[in-house]
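This briefing is meant for a reader who is meeting the chain for the first time. Please look over the sequence and the structure below before going on to the points that follow.

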Amino acid sequence: MTRAFLVVMDSVGIGGAPDADRFFNDGAPDTGANTLAHIAQACARGRAEQGRSGPLHLPNLDALGLGAALRLASGAQAPGLGAVPQGLWGAASEVSPGKDTPSGHWELAGVPVPWDWHYFPRQVPAFPADLLDELCRLAGTEGTLGNCHASGTEILARLGAEHLRTGWPICYTSADSVLQIAAHEGVFGLDRLLKLCADLAPTLHAMRVCRVIARPFVGDAEAGFTRTANRHDYAIAPPAPTLCDWVQGAGRRVQAIGKIGDIFSMHGIDEVRTGPDAVLMDHLADLMEEAPDGSLTFANFVEFDSLWGHRRNVAGYARALEWFDAQLPRILGRMRPGDLILLTADHGNDPTWAGTDHTRERVPVLGAGLGARGIGLCAYTDVAASVAAHLGVPAKGPGNSFL
């Protein structure tokens, strides 16, 4: 029996989205955004030398077909990415009306988003009064802080001390459909924060707000404030059964690595393994040995996006890509006959672009286990249909298998 491993390199876009002009960063359209190409070009020009040096070095991803997928998607040339593909390679386009993490993952799993998300306006307060009243009631506080669009690190530096003084939760949003609530693990309490977010989530989901995110932090005004690894996302459930449900419904096992469990609200998932990306890579290596026949392992590596893309840090993003590439041999070396590994992304997040939001881009689809094979341009939903076909599980979404 076969196994499938679906690995999402969060935000590693390759440009060329045909509808990029409909999506914006700081009022400017995403037309021309290209996460991978712009990072590679910056590296080649010596503009990404912090913690690394020289042209972008991704020999393993390029051997699978990353450079070829980039050229197919956008026509862009990337220095150092010119290998003849030895794996399955192509590029996928999204149709969901958002460039957020859940939309991308759901569509990769066979379910495009059928509605428009609710986004909070760029005003202060960004949140309606009745929502803030409900938040205060659930939190047991007389008020909240923030209530605006902000970056997570900036708002902690600005309001962390006031949070310690008042005990009020810090609430903020972004260009995504999201409400984020930050609170100190020691002063406010981690369990209290998680319960607050869980209790508030149904209200936000009824508004078609995609996620409520708990953002715990530690520290003080003198030493500074640092977010911890105890983040938890409370996402709206997918509107229809996804690839995870298809596989689980066929009596097979589904293992999730990273924030996949949160993104799918645990629907169709048997086991979750979490941690920072370095730990997630160890989990993936372990599951290459341990995952049972017929199973699906679905992984998300988020730090490309969360640590470097949103912060517009080109060198950090390049370092993360090179680290990921260097890990691939130990993953691919543990494949069994009949295994399929697909590597893709959920959206872009061009660190050279305006603003701090995701960018609308096509994404690579790279595969190992089926030999050299070009699949051309495809849909996100074709990824789910192809995994289902490989596992011999009936596909219940709109995609077509490219296998």
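This is a predicted model: local features need pLDDT of at least 70, side-chain atom pairs count only at pLDDT 80 or more; totals for chains, interfaces and linings use all residues.

**Briefing on the chain**

Pro-125 is found in the loop between H4 and helix H5 (129-139), and the peptide bond that leads from Val-124 to Pro-125 is cis, with omega near 0°.

**Domains and the contact between them**

- The domain assignment divides the chain into domain 1, which is made of two stretches written as 4-114 + 239-391, and domain 2, which covers 129-235.
- The C-alpha centres of domain 1 and domain 2 are 29 Å apart, and where the two domains meet, 10 residues of domain 1 are in contact with 10 residues of domain 2.
- Between them, domain 1 and domain 2 bury about 830 Å², with 50% of this area on carbon and sulfur atoms.
- The count of salt bridges between domain 1 and domain 2 is 0, whereas the count of residue pairs in polar contact between these domains is 2, with both pairs at pLDDT 80 or more.
- On the side of domain 1 that touches domain 2, the elements that give two or more residues are helix H4 (101-108) and helix H9 (260-263).
- By class, that side of domain 1 has 2 nonpolar, 3 polar and 5 charged residues.

**Annotations from UniProt**

- An unreviewed UniProt entry places the feature "domain: Metalloenzyme" at residues 3-379, and over residues 3-379 the chain is 35% helix and 21% strand, with the end C-alpha atoms 22 Å apart.
- One "binding site" annotation in the unreviewed UniProt entry covers Asp-305, His-310 and His-358. These residues span 54 residues in sequence, yet no two of their C-alpha atoms are more than 8.3 Å apart, so they gather at one spot.
- Of the residues in that annotation, Asp-305 lies in helix H11, which runs over residues 303-309.
- Another "binding site" annotation in the unreviewed UniProt entry covers Asp-10, Asp-346 and His-347. Although these residues span 338 residues in sequence, no two of their C-alpha atoms are more than 7.2 Å apart, so they too gather at one spot.
- Asp-10, which is named in that annotation, lies in the loop between S1 and S2.

**Salt bridges**

- The structure holds 21 salt bridges, and one of them joins Lys-259 to Asp-10, with the closest N and O atoms 3.8 Å apart.

**Backbone**

- Most residues other than glycine have a negative phi, and most peptide bonds are trans.
- Arg-208 has a phi near 65°, which is a positive value in a residue other than glycine, and Arg-208 lies in the loop between helix H7 (185-206) and strand S8 (211-220).
- The bond from Val-124 to Pro-125, with which this briefing began, is cis.

Terms used:
Residues are numbered from 1 along each chain as its sequence is written. Side-chain values use heavy atoms; hydrogens and water are left out. Domain bounds come from an automatic or database domain assignment. Contact means heavy atoms within 4.5 Å. Buried area is the accessible area (1.4 Å probe) that two parts lose on being put together, summed over both. A salt bridge is a side-chain nitrogen of Lys or Arg within 4 Å of a carboxyl oxygen of Asp or Glu. A polar contact is a pair of N or O atoms within 3.5 Å; within protein, one must be able to donate a hydrogen and the other to accept it, and residues adjacent in sequence count only if both atoms are side-chain atoms. Helices (H or I, at least four residues) and strands (E, at least two) are DSSP runs, numbered from the N terminus. Ala, Val, Leu, Ile, Met, Phe, Trp, Tyr, Cys and Pro count as nonpolar, Asp, Glu, Lys and Arg as charged, and the others, Gly among them, as polar. UniProt positions are given in the numbering used here, feature names are shortened, and annotations may be inferred rather than shown by experiment.
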